[in-house]
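Visitor: Please take me through one part of this model closely. I would like the confidence first, then the geometry.

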Amino acid sequence: MSEVEDGKLFSQVVNAAKSLGYTEPDPRDDLGGMDVARKALILARLLGRRLNLDNMKIESLYPEEMGPDVMPLEDFLVNGLPLLDQKIEDRIKQASANGNVLRYVCLIDDARCEVGIQQVPNDSALGRLRGSDNVVEIYSRCYEKQPLVIQGAGAGNDTTAAGVLADILDIQDLFP
């Protein structure tokens with residue numbers, strides 16, 4: 001979203017991110033919220049929530065008629081994505097008029113687990129987020145007013161490879 005706020009078209013940003021290996025092979029996995037939702041579900045379960053994907057509110061950035069079962073990937077990238085540019089631009093302008101920016105956010109609290117676009121303050125950790133970095137804000141009894149913030153690379157081949165390697169090393173500890 002930070003790239004779109006800088007004046008680039010949403011469709012151009014998605015295609016560039018795909019070419020850099022920042023998205024899933026089919027960017028609709030990211031744009032549909034499922035990639036974030038799966039990660040949110042893991043975090044929610046680690047926090048003791050008894051959830052499945054059906055219990056979550058997930059906002060897709062594309063309509064059903066552009067889904068993988070309806071529209072081939074190449075058609076989506078060339079013809080479908082540009083149809084989303086104006087709606088995203090309008091949402092960014094509305095957020096800006098409110099003094100905010102848009103970010104694709106996962107929210108987990110006692111009552112809900114949801115994924116989607118939210119307006120956030122420009123000066124918040126999420127609002128300052130640029131490029132492909134990810135941010136996790138942890139609010140707790142100790143971090144009630146100002147969250148604990150963890151930020152780092154959130155996409156790319158090296159980041160993914162390091163994560164997979166770490167998982168493999170963790171798994172080996174399960175087998176004596």
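Guide: pLDDT is the predictor's confidence in each residue, on a scale from 0 to 100. Helices (H or I, at least four residues) and strands (E, at least two) are DSSP runs, numbered from the N terminus. This is a predicted model: local features need pLDDT of at least 70, side-chain atom pairs count only at pLDDT 80 or more, and totals for chains, interfaces and linings use all residues. Residues are numbered from 1 along each chain as its sequence is written, and side-chain values use heavy atoms, leaving out hydrogens and water.

The protein chain has an average pLDDT of 87, with 91% of the residues at 70 or above. Confidence is highest in helix H5, at a mean of 96, and lowest in helix H7 (residues 157-172), at 66. Where pLDDT is low, the predicted coordinates should not be read in detail.

Now the sheet. Two strands pair if DSSP finds at least two bridges between them. Three strands form an open, mixed sheet, ordered E1-E3-E2. Its edges are E1 (57-58) and E2 (100-108), each pairing on one side only. E2 runs antiparallel to E3 (residues 113-121), with nine bridges between them.

Contact here means heavy atoms within 4.5 Å. Axes are lines fitted to C-alpha atoms, for helices over the stretch in contact, and angles run from 0 to 180 degrees between N-to-C directions. Helix H4 (residues 34-46) lies across E1, E2 and E3, at about 45° to E2. Helix H6 (residues 85-97) touches E2 and E3, and its direction makes about 100° with that of E2.

Next, the cysteines. A disulfide is a pair of cysteine sulfur atoms within 2.5 Å. The structure has zero of them. For Cys-106, the nearest cysteine sulfur belongs to Cys-113, 5.0 Å away. Buried means under 20% relative accessible area, exposed over 50%, partly exposed in between (1.4 Å probe, protein chains only). Cys-106 has 31%, so it is partly exposed. Cys-142 reaches 61%, so it counts as exposed.

Last, Asn-79 in helix H5 (residues 73-80). Its relative accessible area is 44%, so Asn-79 is partly exposed. A polar contact is a pair of N or O atoms within 3.5 Å; within protein, one must be able to donate a hydrogen and the other to accept it, and residues adjacent in sequence count only if both atoms are side-chain atoms. The side chains of Asn-79 and Asp-75 make one at 2.5 Å.
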